[in-house]
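Biologist: Please put the model up, and I will ask about its helices.

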Amino acid sequence: MNVTFLGIAAHASSQPFMGLNALDAATMTYQGLAVLRQQVPQSDRIHVVITKGGTRQSIITEEAEMMFYFRSKFPDMLKDLSRRVENVIKGAAQMTDCGVDIEWDYSPAILGVRANDQLVSRWVEA
C-alpha cells in the first residue's frame, strides 16, 4: 500500500497556523502502528517507511508519503489487519485535518507468513 497525506504548506515560525502538516499525519500513523503491533498476533507483520517527509526545515510539510506492507498467516486475519491499519491512517489524517490518498496493491508479490518446519530442521542440521 502507498499512502500520501496532503496538507497545506506554511512558514513554520511566522505563520504555522496557516498550515496543515502532512508530516505530522505520517508520524502519527507511524506511532499508531507501533501501538497496534502490540495487539496483533505474533504471526502478523506490519512494515512501513516514510518515503517523503518534506524538503525544508522551516516549512510545514505539504505532502508526506509512506509505503507499507503487512503479512499474516491466515487470509481472514490479513483482511482484519488491513482494515485496522487503514483505520490508523485515516485517524491520523483526521487528527491533523489533512487529506489522505490510500493506494492499495491488489496483487502483492508477498505471500502470507508460513513456517516450513522440515526446511528449518534440515537447515539447523546443516
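This is a predicted model: local features need pLDDT of at least 70, side-chain atom pairs count only at pLDDT 80 or more; totals for chains, interfaces and linings use all residues.

Modeller: Residues are numbered from 1 along each chain as its sequence is written, and side-chain values use heavy atoms, with hydrogens and water left out.

Biologist: What is the distance between the end C-alpha atoms of helix H2?

Modeller: Helices are DSSP runs of H or I, at least four residues, numbered from the N terminus. The expected span is 1.5 Å times one less than the number of residues. H2 (residues 75–96) has 22 residues and should span 32 Å, which agrees with its end C-alpha distance of 32 Å.

Biologist: Within what arc do the buried residues of H2 fall?

Modeller: Buried means under 20% relative accessible area (1.4 Å probe, protein chains only). The buried residues of H2 include Leu81, Val85, Val88, Ile89 and Ala92. They line one face of the helix, because the directions from the axis to their C-beta atoms fall within an arc of 150 degrees.

Biologist: Is Thr29 buried or exposed?

Modeller: Thr29 belongs to helix H1 (residues 22–36). Beyond neighbours within four places in sequence, its contacts (heavy atoms within 4.5 Å) are Phe5, Met66, Phe68, Val88, Ile89 and Ala92. With a relative accessible area of 0%, Thr29 is buried.

Biologist: How far apart in space are Asp80 and Thr55?

Modeller: Asp80 lies in helix H2. Asp80 and Thr55 are 25 residues apart in sequence, and their C-alpha to C-alpha distance is 35 Å.

Methods:
Helices (H or I, at least four residues) and strands (E, at least two) are DSSP runs, numbered from the N terminus. Buried means under 20% relative accessible area, exposed over 50%, partly exposed in between (1.4 Å probe, protein chains only).
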